[in-house]
Amino acid sequence: MADEVILLNFCPSVFGMRIRIALAEKGIEYEYREEDLKNKSPLLLKMNPVHKKIPVLIHNGKPVCESLIAVEYIDEVWKEKAPILPSDPYQRAQARFWADYVDKKVYAAARNVWATKGEEQEAAKKEFIEILKVLEGELGDKPYFGGETFGLTDISLIGYYCWFYAYETFGNFSIESECPKLIAWAKRCMEKESVSKSLADPHTVYDFVLGVKKRLGLE
Amino acid sequence: MSTSDVKLLGGWPSPFVMRARIALNIKSVDYEFLQEKVGEKSELLLKSNPVYKKIPVLIHADKPICESLIIVQYIDEVWTSGPSILPSDPYDRAIARFWAAYIDDKWFPSVRGIALIAEGDEEKKEAVQEVATGLELLEDAFPKCNKGGNFFGGERIGYLDIALGCFLAWLRVTEKLNNVKLLDEAKTPNLCKWAESFCSDAAVKDVMPETDKLLGFAKVLMARFKAPPAN
């Protein structure tokens, strides 16, 4: 019986991108459904009643919510190809730790960069760069966070790369000048088709953020 | 492996540390429990967890592992001869992880919110309602996970039992300190029965703090938290 895989998503979402990358890495065919977050579909509300959020992976009618949980699920179900987590337990713990760090730190810090002005924004930029520098430090001279192969931590972070143009424009700063190694890593990831096809266009993201700022009166 | 090969940096009151201890007990792993002094962080802790500087930290053959749920998964993956902690089916694993994340991201912060944040009756009532809503969700999830057994993990304690059960002592302390009932047999009968089974389990009994001891500790902590900063 063929697998039925559906992804409920919203194009600019970094979380949705993680699942898209994982599915692409594994070569899994799926139905992509774009949600209107101002008018959430009955399916979304039924499949994620607790959080009512995207992304939701639906595999043979059963929902998997929370992007990193869905990525691990994909890795465990389609385990023959392109492993996302390493096999060594210690390396797995490290991959999970850094993916979790990205979740705990990057989203909130990044949001503060585009959602604030003046002194608040300067402080937000400083905090955001500090977090990126911690990640850069962890990357070191390795091609990917996990070493030679692209994996969980890379997947957890790379989606933010298509948001960098918006952050830099609204924040009036250059991420590359502060974190050149991280940008080099991002460009390396973008050479992978699974990544380049899954990330949103930076101008689409910029327009989306501009729209949100207008709606929230944050210009 | 010798005991000194496995060290756990932690403290008896911490529910997050308890998660690691329960997991080690399930696998019958001997370990050295290095308790941090409250209000002070040891050199070893700062060196082993430079990012967050928090307990628990599991140190296995000199390599540190941080974040309680990551530690539990690590223990499950290393000591494979003992009973499994995570379910074997990928979908069941995803569900267990989902609820554990819910507990950490939403539910436990609302428990903490009752004691620490809520000032006045209205705010407190809201915080209590948030905790109750979370428990009702978990009550509903229980029959979907337990496959007829006493635990979320089935016949034996598993990942989600550990993720939730570690908070039971703090839940009782919060009830006593705030004169509220959070775990209510009328509203969440499955969870109440589960809580009893959990607390009497061999892997849990010795590491679950006594409510009165924890209450004493909580009072000291709250006094410190609410005290004006020293000049």
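Author: Start with Arg18(A): it is buried, with a relative accessible area of 1%. Buried means under 20% relative accessible area, exposed over 50%, and partly exposed in between (1.4 Å probe, protein chains only). This is a predicted model: local features need pLDDT of at least 70, side-chain atom pairs count only at pLDDT 80 or more, and totals for chains, interfaces and linings use all residues. Residues are numbered from 1 along each chain as its sequence is written, chains are lettered from A and ligands numbered from 1 in the order in which they are written, and side-chain values use heavy atoms, with hydrogens and water left out.

What does Arg18(A) form a salt bridge with? The partner is Asp103(A), and the closest N and O atoms are 2.9 Å apart. This pair links distant parts of the chain: Arg18(A) sits in helix H1 (residues 14-25) of chain A, Asp103(A) in helix H4 of chain A, 85 residues apart. Helices (H or I, at least four residues) and strands (E, at least two) are DSSP runs, numbered from the N terminus. A salt bridge is a side-chain nitrogen of Lys or Arg within 4 Å of a carboxyl oxygen of Asp or Glu. Asp103(A) is partly exposed, at 33% relative accessible area.

Stay in helix H4 of chain A. Lys104(A) and Asp100(A) both lie there, 4 residues apart, about one turn of the helix. They form a salt bridge as well, with the closest N and O atoms 2.7 Å apart. Lys104(A) is partly exposed, with a relative accessible area of 44%. Elsewhere, salt bridges that share partners join Glu72(A), Glu76(A), Arg92(A), Arg96(A), Glu77(B), Arg93(B) and Arg97(B) into one network. Over all chains, the whole structure has 23 salt bridges.

Now cross to the other chain. Arg92(A) forms a salt bridge with Glu77(B), the closest N and O atoms being 2.8 Å apart. Arg92(A) lies in helix H4 of chain A and Glu77(B) in helix H3 (residues 68-78) of chain B, so the pair joins two chains. Arg92(A) is buried at 16% relative accessible area. Glu77(B) counts as partly exposed, at 21% relative accessibility. Another pair is Arg97(B) with Glu76(A): their side chains meet in a salt bridge of 3.1 Å, N to O.

How many salt bridges are there between chain A and chain B? The count is 6. The two chains also have 8 residue pairs in polar contact across their interface, both residues at pLDDT 80 or more. A polar contact is a pair of N or O atoms within 3.5 Å; within protein, one must be able to donate a hydrogen and the other to accept it, and residues adjacent in sequence count only if both atoms are side-chain atoms. On the side of chain A that touches chain B, strand E4 (62-65), helix H3 (67-77) and helix H4 (89-115) of chain A each give two or more residues. H4(A) gives the most, with 12 residues. By class, that side has 13 nonpolar, 2 polar and 9 charged residues. Ala, Val, Leu, Ile, Met, Phe, Trp, Tyr, Cys and Pro count as nonpolar, Asp, Glu, Lys and Arg as charged, and the others, Gly among them, as polar.

The contact (heavy atoms within 4.5 Å) takes 24 residues from chain A and 23 residues from chain B. Together the chains bury about 2,200 Å², 68% of it on carbon and sulfur atoms. That buried area is the accessible area (1.4 Å probe) that two parts lose on being put together, summed over both.

Among the buried ones are Trp170(B), Glu175(B) and Asn178(B). Just after H7(B), Asn179(B) takes a positive phi of about 55 degrees.

Last stop: Ile157(B). It lies in the loop between helix H5 (120-145) and helix H6 (159-165) of chain B. Ile157(B) is buried, with a relative accessible area of 6%. Leaving out residues up to four places away in sequence, it touches several residues, including Ile26(B), Phe198(B) and Val204(B). Ile157(B) and Val204(B) are 47 residues apart in sequence, and 9.5 Å apart in space, C-alpha to C-alpha.
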